[in-house]
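Have the structure open while you read.

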Amino acid sequence: MSAATDALSAALAAEHAAIFGCGVIGPRLSGAALTQGQQAEAAHRDRRDRLIVRLTKVGIAAPAALPAYALPFPVTDLGSAQRLAVQLEERTAAIWRVALGPTTGDDRKVALDALTDCALRAARWRRATGEQPGTVPLP
Amino acid sequence: MVFTVPVWMGRARLSRRAALAGVAGAGAAVALGGCWPAKDNPAARPTPHPLTPVVAGTLALIGRCQGTIAAYDDLGTRLQPLLKEHQTHLDALRRAMGTPSSSASATASASAPPSVAPDQAGALAALHAAEQAGQAEAAAACLAAAPDYAALLGSIAACRATHVEVLT
């Protein structure tokens with residue numbers, strides 16, 4: 001294990017949690033928000049799969065998903081689902097941000113792309129709730 | 001060596017005032033020298049700080065936002081948050097560089113203010129293009145950066161990506 005693979009393992013754990021969160025959010029969404037949720041879940045699953053391959057290739061046991069994750073608040077309607085969607089993207093972005101320092105080359109590129117995608121999705125969810133422009137200075 | 005001059009001149013009947021000025025000057029130089037962390041000593045590091053180009057790019061984006069808002073009042077609500085975020089980047093970059101920061105004085109003094117298009121759509125398109133170029137610049141800087149600066153530069157790149165989307 002190196003600092004880089006430690007950071008990638010942490011990112012994988014965050015992606016597992018994000019996928020769980022997407023499953024909680026999905027049933028509360030419809031229309032454009034549902035499409036947004038489905039795209040987010042597909043993106044997090046894709047990152048998870050790539051991370052598992054990346055870590056397994058160098059002989060590191062990829063952390064498995066937990067059976068369930070504690071939610072920061074109950075998700076009961078569209079509003080709370082969108083709030084969770086924002087938090088989930090912000091937290092995942094924060095973990096990828098941390099991974100930028102210890103990684104280099106292709107790994108850092110993966111981390112930067114993931115951070116950017118999370119920031120874009122968080123901003124889209126904020127705008128969906130009416131927050132304008134929904135951006136933050138340091139995602 | 002500048003500090004030795006007044007002493008040497010002292011023998012040539014240097015006035016008391018000039019001698020004191022020399023001592024005071026030496027004290028000020030020492031005090032200013034103390035403000036710089038050893039690793040940032042300009043003498044020890046003749047090359048520019050690696051964040052300098054990103055600071056310049058941030059100042060250019062601040063200038064463009066300010067110019068566009070000044071030319072088109074009704075874009076203010078939409079563009080002020082973006083401007084504030086660029087000013088936050090400037091503060092964060094200057095903190096990382098160990099130089100004094102003040103977003104209040106963060107006008108685009110480093111470069112001439114950009115010319116703003118005579119129509120609003122053109123001005124927004126120019127800002128969109130500038131944010132896009134800024135994102136690419138910050139992303140490239142992040143990928144090439146020392147570990148200490150990678151996270152900040154990555155966040156700046158990601159933020160600029162959200163600006164591009166807001167302006168699309």
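In which hand does α4(A) pass α5(B)? The crossing is right-handed. Keep in mind that this is a predicted model.

**The helix pair across the chains**
- On the α4(A) side, the contact is made by A:R108, A:K109 and A:L112, while α5(B) brings B:A139, B:C142 and B:L143.
- Sorted by type, the residues of this contact are four nonpolar, two charged and no polar.

**The wider interface**
- Chain B puts 23 residues into the contact, and chain A puts in 18 residues.
- On chain B's side, α4 (76-97), α5 and α6 (147-167) each supply at least two residues.
- The largest share of that side comes from α6(B), with 13 residues.
- The side of chain B that touches chain A splits into 14 nonpolar, six polar and three charged residues.

**Helix α2 of chain A**
- This helix runs over residues 31-57, and its 27 residues should span 39 Å at 1.5 Å a residue; the end C-alpha atoms sit 40 Å apart, which agrees.
- Its buried residues are A:A33, A:G37, A:A40, A:A43, A:H44, A:R47, A:R48 and A:L51.
- Those buried residues pack against α1 (3-25), α3 (78-100) and α4 of chain A.
- Just after α2(A), A:G59 takes a positive phi of about 80 degrees.

Note on methods: Residues numbered from 1 in each chain as written. Chains lettered and ligands numbered in written order. Predicted model: local features only at pLDDT ≥ 70, side-chain atom pairs only at ≥ 80, totals over all residues. Left-handed = near helix turned anticlockwise from the far one by under 90°. Helix = DSSP H or I, 4+ residues; strand = E, 2+ residues; numbered from the N terminus. Contact = placed C-beta atoms within 7 Å. Nonpolar A, V, L, I, M, F, W, Y, C, P; charged D, E, K, R; others polar. Expected span 1.5 Å × (residues − 1). Buried ≥ 20, exposed ≤ 12 C-beta atoms within 10 Å, placed from the backbone.
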